[in-house]
Amino acid sequence: MRVERYKLDDDCGYVDAYIADPIPDFTRKAILVIPGGGYANVCSDREGEPIAHAFIPYGYNAFVLHYYTGKEKPFPIQLIQAAKAIKLIKDKAKDFGIYSEEIFTVGFSAGGHLAASTGILWKHPAIYEAVDMQYGYNRPKGVMLIYPVICDHMRSFKNLLATKEPTKEMLDAVSLDKHVDKDSSPAFIMHTSNDEIVDVRNSLTLGAAYREAELQFELHVYPDAPHGVALSNKITSRHRENIENTAIAEWVRMAAFWADNLK
């Protein structure tokens, strides 16, 4: 396996690439992994490299995005960095051994907000002002959203918008359920019903918006586990109670199956 780092810009944005050894006559998909952290930091130790390794057996090469979380530059700098990461993956598809049109994003918590943004806000004008690329080049084929922030997590939004008192207009701009349209990327969504940090209604609201737009999505809600389950196994549990759950741990396999069968 090759492990390489690619700098995206001067704003602390970079991508760690995990490229499996090539297999004759087999081309992989790509997945951009976006860890959470409330837009205050990047939880790459639990929701970064372990996730990358988990997807490789399902035919992916994986890329972990480290995005800007400072207060000096608010949204949409993170969305721009995600677009740059997708462009990097597409531009180097042959070298990375992946299909350029088979790029997915997977994100966790606030990283789920950014992953969802790549599929919903891919038309944002600021992206094309900052990145020289063809319109739509940054749209992923699908997004995988794991206990995502979507429309209701003020702490994350205050960090994202770099203000303690965001206006309704500012909040509406980053409340993703308000921006779903016919061109949004299909979504796989996973949450737990009693998530104590990011309410499950974030995922339910997004699912309703996808249904209203007549878009394809898959939604799984599990009954009992805290926020931040990641892979829901010993690798990412940190010995926290109720984190290790064999049923929830199936989400990677189910997400890969969903991606393989997108219409």
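Lys29 stands opposite Tyr60 in strand S4. This pairing belongs to a predicted model, in which local features need pLDDT of at least 70, side-chain atom pairs count only at pLDDT 80 or more, and totals for chains, interfaces and linings use all residues. Residues are numbered from 1 along each chain as its sequence is written, and side-chain values use heavy atoms, with hydrogens and water left out.

Strand S4 covers residues 60-66 and pairs with S3 in the parallel sense over five bridges. Strands (E, at least two residues) and helices (H or I, at least four) are DSSP runs, numbered from the N terminus. Two strands count as paired if DSSP finds at least two bridges between them. S3 is also joined to strand S5 (residues 98-108), by six bridges, and these two run parallel. Within that pairing, the partner of Leu32 is Thr105.

S3 spans residues 28-34, and because seven of its seven residues are buried, the strand is largely enclosed by the rest of the structure. Buried here means under 20% relative accessible area, exposed means over 50%, and partly exposed lies in between (1.4 Å probe, protein chains only).

Helix H3 (residues 77-91) is mostly covered too, with twelve of its 15 residues buried. Among them are Ile77, Leu79, Ile80, Ile86, Leu88 and Ile89, along with Gln78, Gln81 and Lys90. From first C-alpha to last, H3 reaches 21 Å, close to the 21 Å expected at 1.5 Å a residue; the expected span is 1.5 Å times one less than the number of residues.

The pockets come next. A pocket is an open set of points on a 1 Å grid over the protein atoms alone, where a 1.4 Å probe fits and protein lies on both sides within 12 Å along at least five of seven lines; lining residues have an atom within 4 Å of a point. The largest pocket has a volume of about 280 Å³. Its lining has 18 residues, and Gly37, Cys43, Ser109, Arg155 and His227 are the closest to its centre. Helices H1 (44-47) and H7 (154-161) each supply at least two lining residues, and H7 gives the largest share, three residues.

The second largest pocket, of about 160 Å³, is lined by 13 residues, with Ala20, Asp21, Pro22, Asn61 and Gly97 nearest its centre. A volume is the space filled by probe spheres set on the grid points, which are joined across faces, edges and corners.
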